[in-house]
Amino acid sequence: LTEGSEVEQEIRMFAAALADDTTGALEVGALLAKFQARVLLNADAPLPDCDVAILDTQSRHLAPQQAQASLFRAASRVRDAQALWIYKKTDSTLRG
């Protein structure tokens with residue numbers, strides 16, 4: 001799809017991205033804004049009220065068990081909201 005195409009405007013689905021920190025979450029949001037997606041970042045609003053929910057798990061510097069629990073909570077939230085696609089944003093330096 002190209003920006004502004006008619007096909008793009010007709011396709012609306014609920015997806016989610018899970019990031020390990022705010023920088024990663026904002027990076028995904030900025031990329032999606034280019035395509036005019038309705039992005040919700042870390043809000044308590046009902047998730048399907050957007051095209052893409054981006055959840056920051058704040059897990060990059062947590063101990064492995066804590067990071068796993070944080071990611072599990074976020075993944076459960078988007079699963080319960082029936083996201084059609086879930087993207088796990090990985091830190092480009094592979095820290096998270």
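Begin by selecting Phe-14, Ala-16, Leu-18, Leu-40, Leu-47, Cys-50, Ala-53, Leu-55, Ala-74, Val-78, Ala-81 and Ala-83, the 12 residues of the largest nonpolar core; a nonpolar core here is a set of buried Ala, Val, Leu, Ile, Met, Phe, Trp, Tyr and Cys residues joined through side-chain atoms within 4.5 Å. Strand 1, strand 3 and helix 3 (64–80) each contribute at least two residues to this core. Another core, of seven residues, lies apart from it and includes Ala-19, Ala-25, Val-28 and Val-52. In soluble globular proteins, nonpolar side chains tend to be buried together.

The model is a predicted one, in which local features need pLDDT of at least 70 and side-chain atom pairs count only at pLDDT 80 or more, while totals for chains, interfaces and linings use all residues. Residues are numbered from 1 along each chain as its sequence is written, and side-chain values use heavy atoms, with hydrogens and water left out.

Now colour the whole chain by secondary structure, where helices (H or I, at least four residues) and strands (E, at least two) are DSSP runs numbered from the N terminus. The protein chain has three helices and four strands, arranged along the sequence as α-β-α-β-β-α-β. Of its 96 residues, 36% are buried, with buried meaning under 20% relative accessible area, exposed over 50%, and partly exposed in between (1.4 Å probe, protein chains only).

Select strand 3 (residues 52–56) next: five of its five residues are buried, so the strand is largely enclosed by the rest of the structure. Val-52, Ile-54 and Asp-56 point one way from strand 3, whereas Ala-53 and Leu-55 point the other way. In a regular strand the side chains alternate between the two faces of the sheet. Strand 1 (residues 15–19) runs parallel to strand 3 and is joined to it by five bridges, with Ala-15 having Val-52 as its bridge partner. Strand 2 (residues 39–41) also runs parallel to strand 3, through three bridges, and there Val-39 stands opposite Val-52.

Move on to helix 2 (residues 22–33), whose 12 residues reach 16 Å from first C-alpha to last, close to the 16 Å expected at 1.5 Å a residue; the expected span is 1.5 Å times one less than the number of residues. Its buried residues are Gly-24, Ala-25, Val-28 and Gly-29. They cover an arc of only 135 degrees around the axis, which puts them on the same side of helix 2, the arc being that of the directions from the helix axis to the C-beta atoms. These buried residues pack against strand 1, strand 2, strand 3 and strand 4 (85–88). On the other side of helix 2, Thr-23, Ala-30 and Leu-31 are exposed. Thr-23 counts as exposed because its relative accessibility is 57%, and a C-alpha to C-alpha distance of 8.9 Å separates Thr-23 from Asp-56, 33 residues apart in sequence.

Finish with two loop residues. Gln-36 lies between helix 2 and strand 2, where its phi is near 60 degrees, a positive value in a residue other than glycine, and its 51% relative accessibility makes it exposed. Gln-58 sits in the loop between strand 3 and helix 3, with a positive phi near 50 degrees and a relative accessibility of 47%, so Gln-58 counts as partly exposed. Most residues other than glycine have a negative phi.

How values were computed:
Pairing = 2+ DSSP bridges. Contact = heavy atoms within 4.5 Å.
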